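Thanks for making the time; I would like to walk through one model this morning, going from the overall fold to a sheet, then to charged pairs and a surface patch. Please have the structure open while I talk.

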Amino acid sequence: LLGPNIGEAMDHLPAVQAALRGETGARRETVESSEWLVGYDSANGYRDYPGLGWRVLTMTPMEIAYAPIREIEGGLLLLGTIAALIGSGISYLVARRLTAPLNRLAEDARRSSDRPETAFLSRSGGSREVVRLSQALRALVRRIGTYEQDLATVSAEASALAEHNSVLKEMAQTDPLTGLLNRRGFFEAVEARFVGKPQTDLSVLVLDIDRFKAINDTHGHGVGDTVIQAVARLCRQQCREGDLVARFGGEEFVLLLPGCPGPAAVAFAGRLRQRIADQRIETQTSPIGVTVSIGVAWGQDISEGLNEAIDRADRALYRAKVNGRNRVEARLPSPAA
C-alpha cells in the first residue's frame with residue numbers, strides 16, 4: 001500500500017508512476033534483478049467517503065504469474081499434435097478409397113484417347129460423381145493449370161512425408177519413368193522462367209504416341225515403358241537448351257518452344273515426328289517402330305494464356321488422330337489476326 005507521499009524509494013518504477021497518475025493495470029517490472037508482474041490501482045474511497053489517496057500494488061514472480069498460461073499452452077500443443085495425427089490418418093484412408101475409382105477413370109481416358117470428344121468418359125468406369133470429378137479436373141488442369149494430384153504417390157509415401165519432404169518435392173515435379181518434368185513441374189518452371197518477363201513467339205506442341213494401348217496389349221507394359229522412355233529421349237535430343245519438355249501423363253508429352261514462331265514450330269514438329277518414325281526401339285524380343293501425332297499452337301506472349309495455347313494444340317492433336325495419325329496438325333492465328 002502506497003500513501004500519497006511515498007518518497008523516492010520506489011517512485012522509479014514505471015508501475016508506481018502509473019499508479020500515481022491514477023491509472024489501473026499491470027506490467028512487467030525488474031526488481032532487484034528479478035522479473036515480477038506488478039498490478040496497480042488507486043483506492044478511491046467508498047460512497048461519500050473520499051478515501052486517503054492510497055495506491056495498491058500487487059507483485060507476483062513471473063514464473064508463478066504465467067504458470068497457468070504455460071499449462072494451457074502445453075495442453076493446446078498436445079491437442080494440436082493429436083489432431084494432426086488423426087487428420088493424417090483420415091487423409092491416408094481417403095486417399096486409399098479414392099485410388100481405385102480414379103485408376104478406373106484413367107483407364108477410361110486411355111480407351112477414349114482416339115476420340116476427338118475427349119471430355120467423354122463412360123459410366124461403366126465409375127459413378128456419376130466420379131465422371132463429373134474427372135471433367136472438373138480436366139477443366140482445371142487445362143484452363144487454370146492447377147497442380148496434378150498424384151494420388152498413387154501420396155498413398156505410397158504419406159507415412160514418410162515428414163521425413164522425406166525434400167525427396168517428395170523433387171518427385172512431385174519430375175516424371176519418374178522418363179526424368180522429364182511432369183505437369184506440376186512444367187507449370188512451376190514456366191512461372192519461374194517466363195511469367196513477368198518479356199517473351200514473344202511462344203509455341204506449344206502436344207505429342208501423343210499412336211496406338212499405345214495396342215503396344216501394351218501386344219508386347220506388355222514393360223515394352224510400353226521402353227517406348228515412352230525412347231520417345232522422351234528423342235524429344236530431349238531434338239529440343240534446344242531453353243525449351244521445356246514435360247510428360248503430362250500416359251503417352252502424352254507437351255513441349256514449350258520460346259522464341260519460336262508458328263511456322264518454325266510446325267517445321268520442327270515435322271522433323272521430330274519423322275525422327276521418331278525412323279527410330280527402331282530395341283526391346284527384349286525384337287526392335288519395334290512407333291509413330292506419333294503432334295498438335296501445334298502459337299501465342300505471342302505467355303501472359304495471353306498458356307493453358308489456352310495448350311488447349312488449341314490439344315485440339316489440333318485430336319484432328320491429327322482423326323486424319324490418320326503419324327502427322328502434324330496446327331492451330332495458328334490467321335494472317336488477319
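The chain holds eleven helices and ten strands, where helices (H or I, at least four residues) and strands (E, at least two) are DSSP runs numbered from the N terminus. This is a predicted model, in which local features need pLDDT of at least 70 and side-chain atom pairs count only at pLDDT 80 or more, while totals for chains, interfaces and linings use all residues. Residues are numbered from 1 along each chain as its sequence is written, and side-chain values use heavy atoms, with hydrogens and water left out.

Of the 337 residues, 35% count as buried, and here buried means under 20% relative accessible area, exposed over 50%, and partly exposed in between, with a 1.4 Å probe and protein chains only. The accessible surface comes to about 19900 Å², with 54% of that belonging to carbon and sulfur atoms; these areas come from the Shrake-Rupley method with a 1.4 Å probe, and for residues only the protein chains shown count as cover. If we take contacts (heavy atoms within 4.5 Å) with a separation of 6 or more, 62% of them are between residues 24 or more positions apart.

Now to the sheet. Five strands form an open sheet with mixed pairing, in the order S5-S6-S4-S9-S10, two strands being paired if DSSP finds at least two bridges between them. Strand S5 (244-249) and strand S10 (328-331) each have a single partner strand and stand at the edges, so one side of each is left without a neighbour in the sheet. From one strand to the next, the twist averages 20 degrees, with axes being lines fitted to C-alpha atoms, for helices over the stretch in contact, and angles running from 0 to 180 degrees between N-to-C directions.

Within this sheet, S4 (residues 202-209) and S6 (residues 252-257) pair in the antiparallel sense over six bridges, and Val206 has Val254 in S6 as its bridge partner. Helix H7 (residues 183-193) packs on the sheet, where it touches S5 and S6, and its direction makes about 150 degrees with that of S5.

How many salt bridges does the count come to? With a salt bridge taken as a side-chain nitrogen of Lys or Arg within 4 Å of a carboxyl oxygen of Asp or Glu, the count comes to ten. One of them joins Glu188 and Arg184, whose closest N and O atoms are 3.5 Å apart; the two residues are four apart in H7, and are thus separated by about one helical turn. Glu188 is partly exposed at 21%, and Arg184 is partly exposed at 29%.

Helix H8 (residues 212-219) has Lys213 and Asp217 four residues apart, again about one turn, and they form a salt bridge at 3.0 Å between the closest N and O atoms. Lys213 is partly exposed at 38%, whereas Asp217 is exposed at 55%.

For Asp243 and Arg240, the N to O value is 2.8 Å; Asp243 counts as buried at 10%, while Arg240 is partly exposed at 43%. Asp208, Asp210 and Lys321 are linked in a network of salt bridges.

Finally, the surface: Leu78, Ile82, Ile86, Ile90 and Val94 make a nonpolar patch of about 460 Å². Patches are made of residues with over 30% relative accessible area and no salt bridge, like charges being joined within 9 Å and nonpolar side chains (Val, Leu, Ile, Met, Phe, Trp, Tyr) within 5 Å. Val94 lies in helix H3 (residues 67-111) and is partly exposed at 41%.
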